[in-house]
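Here's a quick briefing to get you oriented. Have a look at the model first, then read on.

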2 protein chains.
Amino acid sequence: MGDQVGQAVEGTLYYIPYAEFQRIRALDLPREQRASIFADMCRLNALYMIARAGSGHIGSSFSSLDILSWLLLEEMRPEDIFFSSKGHDAPGYYSSLIGMGKLDIDLIHKLRKIDGLPGHPDIGTPCIVTNTGSLGMGVSKAKGMILANRLCKRSGRVFVLTGDGELQEGQFWESLVSAVNFGLNEITVIIDHNKLQSDTFVKNVSDLGDLAAKLRTFGWRVERCDGNDIGALAATLASLHDEIRPKIIIADTIKGKGVSFMEHTSLDSDVAMYRFHSGAPDASSYRLAAQEIVDRLRQQIAGAGATALTFETIEREATAPPPATAQRLIPAYTQALLAQAKNHPNLVALDADLILDTGLIPFREKFPDRFFECGIAEQDMVSVAGGMALNGLLPIVHSFACFLSARPNEQIYNNATEKTKIIYVGSLAGVLPGGPGHSHQAVRDISTLAAIPGMTLVEPCCEAEVGLLLNWCVDEAPGSCYLRLVSLPWSIPYQLPSDYRPAFGRGLTLRDGSDALIIAAGPVMLSTAIEVAEALEQSHQRSIKVVNLPWLNQVDAGWLQQAIGDCRQVYCLGNHYVTGGQGDLVARTVAQWSDRRPVVTCLGVDDIPPSGTNPEVLGACALDTQSVLRAIAARF
Amino acid sequence: MGDQVGQAVEGTLYYIPYAEFQRIRALDLPREQRASIFADMCRLNALYMIARAGSGHIGSSFSSLDILSWLLLEEMRPEDIFFSSKGHDAPGYYSSLIGMGKLDIDLIHKLRKIDGLPGHPDIGTPCIVTNTGSLGMGVSKAKGMILANRLCKRSGRVFVLTGDGELQEGQFWESLVSAVNFGLNEITVIIDHNKLQSDTFVKNVSDLGDLAAKLRTFGWRVERCDGNDIGALAATLASLHDEIRPKIIIADTIKGKGVSFMEHTSLDSDVAMYRFHSGAPDASSYRLAAQEIVDRLRQQIAGAGATALTFETIEREATAPPPATAQRLIPAYTQALLAQAKNHPNLVALDADLILDTGLIPFREKFPDRFFECGIAEQDMVSVAGGMALNGLLPIVHSFACFLSARPNEQIYNNATEKTKIIYVGSLAGVLPGGPGHSHQAVRDISTLAAIPGMTLVEPCCEAEVGLLLNWCVDEAPGSCYLRLVSLPWSIPYQLPSDYRPAFGRGLTLRDGSDALIIAAGPVMLSTAIEVAEALEQSHQRSIKVVNLPWLNQVDAGWLQQAIGDCRQVYCLGNHYVTGGQGDLVARTVAQWSDRRPVVTCLGVDDIPPSGTNPEVLGACALDTQSVLRAIAARF
């Protein structure tokens, strides 16, 4: 069914079938030339995967594909292993594994789908040797693999690809030292030095300085080459074969390499935002990009004297945009923050390289002196905030909830013991979006923070509540707070009363009922709760009350008793692991009452959530409307 | 009452009253000479404080006192601030603050006592500007303070003292970068480079390499001098006054400086264990040390032409050793680990510079190839373990519970998502010992780990149960485990049946009863429970059942129902914050029963615990026998 592609058509997606990879790998060509063709074939397939999935990381998939292709085709022996520490480049790596015949070509259609290819690498996928996606762990993992090999008298080298923004993580530097002390020459780290991290140029965020000199002082052998020049890379790798120290290659690459308008070198200025770090290209960008790769492949194949490539095509499914009525908590947060910043000159915002996702760009523009970009260095950021708070500022600290609640966990506690006031804002909270997978699904953040004395955890259920809760944190909270934000646009079947003001430890009834009560927080779970309540009323003639309890680790026992009223069943619905979630708070409170105690059941995540589409992931966690409905109906 | 000291007497403790510090500070002497005398006076007082408290860090207090004295006496201006990032040297810093008249001399008697001077610095103490004791946060905190100063148009420099072992923490390196990018020339970091970390020489644990070269590549101005030579230090500081970059002084010092046999340079070999890192000197060592400092002070004062110093004396209170019957979980763990290591050739042990405290020395001796000292680098250690587990080893990862459960929290979760098996062993768990203070009191470890799918948390209540639970973790657990160990020797009023074997999720009745049930884990809480039960039987004629539930995040609901039986009251007694502790597990389980539900009350820590003696801290947390008894009796 393969076809040759002349002019790419908008709305059509193109990929290269496995048979073509077999053919090209078998061509009798100079090795570098063959690897270069292979890399571009992988680029087209990675682009296909990301376009079809609706999200993924093009920029770093493209920057690293020449490196990956050479490693897989020529450098690695059977006993060697490779993994990407940053993990963002998964589509690129998947496409190269597919090209090598190590992953089934059918998986190309299932990026970020359940039982397909996760958004970040997971060892459930063949040839993926370790889970990555939270940064800075790669060299440590590689050391462990090698130490195990040595103890078991196995040989084998480990190639670790890292990002350059990733080098801001302290663990990277922490991990360099013992590699030298242990003499682990089996490690080769290749830094995909594409100069950009998530938001902008690495040098703007946290300049690495003379990287080679720095790394050499840690005792590693360091070489530098053009990572998109396969010949140069091959020569550099060859020059390291007899080196007895652990090795680092700084591979200078171009983010988005291979599609002119996606290459970071096409940016107008070095303060511009790069548009192809994550997300999917629109139809027009896709067509232009595919065309450029296809045209270059045609030339390369012709130059090699081989038969032209054939492609498979598929019509791009229209991904329905979120409905116009969907609420967006991040822009609401931006507005609320700007308003508070006007009132409080001591309010400052700190960010860990997620300025776009955390909604801070308008803050930075309006209050440049009060914005602090800390880079991918969450521990440093949190302790910097601690120092600021000690000296009179009100720091608001931003990152994804998964990172913020875990990586700097001890630093947050240290700050808390000083009883200063700091507001932590964790976005991308909860099990959705499902695509990025478990490294990014924050379903443990309540548990890791709730026990900290003086710290109040809150989660808004809609745009209107975002500002109300931020105001409470800034103006009323006695101590530090954690504001948990779902980032996904979400259609919300309820509305807060116009005079609603959050009252500490107390919830708000969104829907009345007398047979059972569902308690939840946040837009995803409360929407499910409302839908379940309405369905149960129709199907089982049960009257279900739904309460929004935006307080995650504090509840007013008197209010709770009243809210429960005559309901004999209470369900706590958590966008979080059951253990340590809001339900534990409710259960602990109810369990100490001596009478009129309802049955409390906690529903939530109870295993590592999969990567998949949002409905797939909700279903797998039994948090979709049907599953919750069944769980509740079973108890009537 | 002051006295001159000829021959120090064994059993007597000596300290220098404040008036003598005033006199010496006012002497018209060369500044370096005066600071040197001041430093030795502080050494004697620090030694007094530690001997009286029964624990503290002599080695790093002594190595740093020449630096502290010069800073406080001569270098610092009123707007400048100083803090120690490592915090171990608190007795040294306290004694210098006392000598400066900034802390009341009466506090000299109250090191590690409640309302006295905490084991590690806390801002509740005058002149302490930030809480330290968990390592690596200092430069970050300083940056935050300076950024706040700048925003508020305040001037002032920040001097941060760090350890050299502390430089193994990734956060230190993470924090260096933005100090340069932000141009924070107000910071001067002084590395107390005394060559030893907790267990042994830094170079043996994780060689720092050419430290100055390394630091310079990060863009800092770096100087190096003899940190026990006050003249050299003063000159180095003076040379940096106009430097526009952030500054680091590598101060080469001698650990234990000022008492010949405590100086690390007196060690026979560079693999010897250093004995004066923490803990208190015995009576004879104290006498010899005091004598040496007193003799040198006599010479120095005479050389300065001043009147001889007078001293205050006090008889050293005999600190009762733990009773012979006290059980010690760490040695029991050592034995159990050795036995398991014989059975499992793939079992390896990893340590983060606490080999003595985690009981690993015999393991290292017996299985040198299977022991991995990772240094003060918990994140790296945990990810190394992850790599090892992926390649077939069974890693057992050791540190203090406070650090292990928080610093590498995201790395533990990352490992868990790979569904390999790793055993984490957290010692020094719980609120005791009370002396070190909140940085070391692990009362949050259950909450930060319990939600991780596949991870089982267990805590043994006596020596016999240590091995049984370790065996369960190694031989029976389906996934990763966390073994929570109380380190303090503890007298235990119960005994396990000789045929006892832990059964997953099920507890063991230690004492029968029918009116109420106390559920707990670990030696401290279960001893309290037994004492409370016996007292309540006598005073209130109530029959109280006590159950040891060594499972912290898993309970067998059927067993629990049976164990509760007819008891209408259940108390969960936690050596942990109430939130996220074992009680939440019990409450959540009981709350979903539809009938025969007892009242469940969780008792535990609910605010940042203080530093103090063990009885003081238990009392402050309302976890002593009398407080628990009152809490329970009030509910009858």
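**A helix pair, a sheet and an interface**

In chain B, α11(B) passes α17(B) in a right-handed crossing (the near helix is turned clockwise from the far one by less than a right angle). Helices (H or I, at least four residues) and strands (E, at least two) are DSSP runs, numbered from the N terminus. This is a predicted model, where local features need pLDDT of at least 70, side-chain atom pairs count only at pLDDT 80 or more, and totals for chains, interfaces and linings use all residues. Residues are numbered from 1 along each chain as its sequence is written, while chains are lettered from A and ligands numbered from 1 in the order in which they are written.

**The helix pair**
- α11 (residues 329-343) and α17 (residues 463-476) of chain B pack at about 35°, their axes 8 Å apart (axes are lines fitted to C-alpha atoms, for helices over the stretch in contact, and angles run from 0 to 180 degrees between N-to-C directions).
- Residues in this contact include B:L329 and B:Y333 of α11(B), plus B:V466 and B:L470 of α17(B) (contact means C-beta atoms, placed from the backbone, within 7 Å).

**The sheet**
- Five strands of chain B make an open sheet with mixed pairing, in the order β14-β16-β15-β17-β18 (strands pair if DSSP finds at least two bridges between them).
- At the edges sit β14 (508-511) and β18 (599-605) of chain B.
- β17 (residues 569-577) of chain B runs parallel to β18(B) over six bridges, and B:Q569 stands opposite B:V599.

**Where the chains meet**
- Chain A brings 90 residues to the contact and chain B brings 91 residues.
- On chain A's side, α5(A) gives the largest share, ten residues.

How values were computed:
Contact = placed C-beta atoms within 7 Å.
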